[in-house]
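Q: Please take a close look at one part of this model, the packing of its helices beside the ligand. A connected account with the criteria stated would be welcome.

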Amino acid sequence: ARTETTQVLIVGAGPAGSVAAALLRQQGRQVLMLEKQRFPRFSIGESLLPQSMEYLEQAGMLRAVVEAGFQHKNGAAFAHDGRSTTFDFRQKSSLGWGTTYQVQRAEFDHVLAREAERTGAELRFEHEVLAVDVSGDKPRVSVRSPEGETYEVVADFLLDASGFARILPRLLDLERPSRFPVRGAIFTHVRDGITPGAAGFDRNKILITVHPRHHDVWYWTIPFSNGTCSLGVVAEQSYLARYEGSETERLQAIVGEDPGLSTLLANAQWSMPARQIVGYSANVDSLWGRNYALLGNAGEFLDPVFSSGVTIAFKSASLAAACLARQFGGETVDWEAEYGRPLRAGVDTFRTFVESWYAGGFQKIIFHENANPAIREMICSILAGYAWDTSNPYVADSKRRLGVLEQLCAA
Ligand code: FAD
């Protein structure tokens, strides 16, 4: 088979891959991106966090995102059994962006991929990476082209941005089971028919509805700018398994269990068949190895509840690009100290909050009536994605601080 060479090979043109490509092009690197699918293609993960805007700016992609006309987002609303509470991300303790977007990923990912190409990265759609060999001096991958031809690429450095496909962790046996129970999601897009001004509903916010009887079952409603919403439910696999029929019928049945959500969506048209995804949480032994690193979902994925996935994907791209700038500049990079640990620091902050969410403690905190405003601003920062801001005590000392707050709010 024919062999090509490149400086940096990126597997996958999702958010992690495209932002990494643009940042590396800023350094003048030669970048080849291989993407299995043809864009636009559907993907889940539609509600961004304000922290992500910093990386879109860094990558020079912000204007293209702004001009694409996505739904403005300024916060998160939570509802449970007739109660509700909202967080406006602009009222956060951390510095930085306080607003962002809710995006149809088919279009968003396409915008980012085109921006990456515009910077001079070479992007090949429908080129699938089949095998990876990182045992030699330089990583080597086998690729299948859309014509069915197989060829090899040898790269100075390999970035795995293959998302849930998790090419490298699977091929190199780096995966270890997540500590979370196996959860799944059923989701779709609906033409929502929600009347403007509907009781307490704000298109500028993601709505998270906690199931009236099961506090570990929750729904997302993510409004888009074209009159549609992303709608989904998350629950343990065993809970979802109780519902029969098509994915659409199952989702409709579970939505029907919440009176507030049923009323809100009374006029919705369910035009797109719902889909299910199960067992998405994943951990890895290491986020890097000799001349390769794992970006975004190809590394770790926690849980959708705080919409942190794309932000973590961007953060990973930004950290890896900074390491590569130094490595290609001839310096020795300690990838654990400069990539693995810093990336995991924020992921672990989110993990503490995810655990507290499913145990019920975090819900007591956000629905508590007499919240201390300063503490609410710090919590708001986490919800806005500022999970790496160690000036926030709920980042620096998240487990202990959150534990204390849970106890105060449970009293
Ligand atoms: P992806 O976006 O998955 O991109 C990977 C790309 O790699 C794909 O285009 C794929 O085709 C390509 N690829 C795969 N295998 C190969 C191969 N062999 N060769 C070449 N290319 C390949 N995140 C949020 O920020 N907000 C949310 O509201 C949110 N909601 C979520 C809800 C659910 C139910 C789930 C499961 C996740 C959610 N997420 C959310 C997480 C979000 O989906 C991911 O974190 C995000 O898409 C990760 O981006 P990525 O670039 O790492 O991977």
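A: The model is a predicted one, in which local features need pLDDT of at least 70 and side-chain atom pairs count only at pLDDT 80 or more, while totals for chains, interfaces and linings use all residues. Residue numbers start from 1 along each chain as its sequence is written. Helices (H or I, at least four residues) and strands (E, at least two) are DSSP runs, numbered from the N terminus.

Helix 1 covers residues 15-26 and helix 4 covers residues 105-118; the two pack at an angle of about 25 degrees, with axes 8 Å apart. Axes here are lines fitted to C-alpha atoms, for helices over the stretch in contact, and angles run from 0 to 180 degrees between N-to-C directions. The crossing of helix 1 and helix 4 is left-handed, a term for a near helix turned anticlockwise from the far one by less than a right angle, with right-handed used if the turn is clockwise. Pro15, Ser18, Val19, Ala21 and Ala22 of helix 1 meet Asp109, Leu112, Ala113, Glu115 and Ala116 of helix 4, contact being defined by C-beta atoms, placed from the backbone, that lie within 7 Å. By class, this contact of helix 1 with helix 4 comprises seven nonpolar, one polar and two charged residues. Ala, Val, Leu, Ile, Met, Phe, Trp, Tyr, Cys and Pro count as nonpolar, Asp, Glu, Lys and Arg as charged, and the others, Gly among them, as polar.

Helix 1 also packs against helix 9, at an angle of about 30 degrees and with the axes 8 Å apart. Helix 1 and helix 9 are therefore roughly parallel to each other, and their crossing is right-handed. From helix 1, Pro15, Ala16, Val19, Ala20, Leu23 and Leu24 take part, and they meet Val310, Ala313, Phe314, Ser316, Ala317, Ser318, Ala320, Ala321 and Leu324 of helix 9. The contact of helix 1 with helix 9 has 13 nonpolar, two polar and no charged residues.

Helix 9 has a further partner in helix 2 (residues 51-58): their axes come within 9 Å and cross at roughly 40 degrees. That angle makes helix 2 oblique to helix 9, and the crossing is left-handed. Gln51, Ser52, Tyr55 and Gln58 of helix 2 make the contact with Val310, Thr311, Phe314, Lys315, Ala317 and Ser318 of helix 9. Four nonpolar, five polar and one charged residues form this contact of helix 2 with helix 9. In the loop between strand 2 and helix 2 lies Pro40, which is joined to Phe39 by a cis peptide bond with omega of about -5 degrees.

The ligand is surrounded by 39 residues, the closest being Gly14, Gly45, Gly163, Gly296 and Gly309; a residue counts as near if its C-beta atom, placed from the backbone, lies within 6 Å. Helix 1, strand 2 (31-35), strand 8 (128-133) and helix 9 (309-328) each supply at least two residues of this shell. Helix 9 gives the largest share, four residues. By class, the shell around the ligand divides into 21 nonpolar, 14 polar and four charged residues.

Key
Two residues are in contact if their C-beta atoms, placed from the backbone, lie within 7 Å. Angles under 35 degrees count as roughly parallel, over 145 as roughly antiparallel, 65 to 115 as roughly perpendicular and the rest as oblique.
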